[in-house]
Each structure stands twice: as structure tokens, then as C-alpha cells.
Amino acid sequence: NMIIVDLMKNFNAQGIHNTLTFFRDINKKEIDLIIESGDKIIPVEIKASETIQSKFFETLTWFQEQTSTTATPIIIYG
């Protein structure tokens, strides 16, 4: 939540009005944050781990395939 609140404050301070949501399906696939900016859908994974791991990319890749989004996904970790 701290990361999302900071993003909201930064967007607001810059006058940027993006829609922020999240996604979870019945199979427990989850995207921590989805930033909708104009016609872009940007998936964001937020992890507490200090070390990036390949499994962090799995859900992002799946989400991109399902939505056909071309926006670069973001991983926030550490």
C-alpha cells in the first residue's frame, strides 16, 4: 500500500490523472497494480524481496498475453 500511495501522491503532484486498479482472477493470478494511462495498460508487480526473481515476471507475462497490452510492465522490489 505504501508504494501505491506514493505513486498516487506523485501523480497528483504532477497533475497526472491515471486510473489505478488491481487484478485477481479465480485461479489466484494477481497483478498488484494496473495503471491505465490513456490507451496504455501498465501492469505493476510490487515485491518486498531484495533480490529479483524470474517468477516475478510470470504473472506479468500472462497478463500481457491476456490483454494484448504492449506497455512495458514494471516490477518494484526491495
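Author: Trp62 is buried, at a relative accessible area of 18%, whereas Phe23 is partly exposed at 27%. Buried means under 20% relative accessible area, exposed means over 50%, and partly exposed is in between, with a 1.4 Å probe and protein chains only. The model is predicted, so local features need pLDDT of at least 70 and side-chain atom pairs pLDDT 80 or more, while totals for chains, interfaces and linings use all residues. Residues are numbered from 1 along each chain as its sequence is written, and side-chain values use heavy atoms, without hydrogens and water.

There are two aromatic pairs in the structure. In one of them, the ring centres of Phe23 and Trp62 are 5.9 Å apart and the planes stand at 35°, so this pair is tilted. Rings of Phe, Tyr and Trp (its six-membered ring) pair if their centres lie within 6.5 Å; planes under 30 degrees apart are stacked, over 60 edge-to-face, and the rest tilted. Because Phe23 belongs to strand S1 and Trp62 to helix H2, the pair ties together parts 39 residues apart in sequence. Helices (H or I, at least four residues) and strands (E, at least two) are DSSP runs, numbered from the N terminus. Phe23, Trp62 and Phe63 make up one aromatic cluster.
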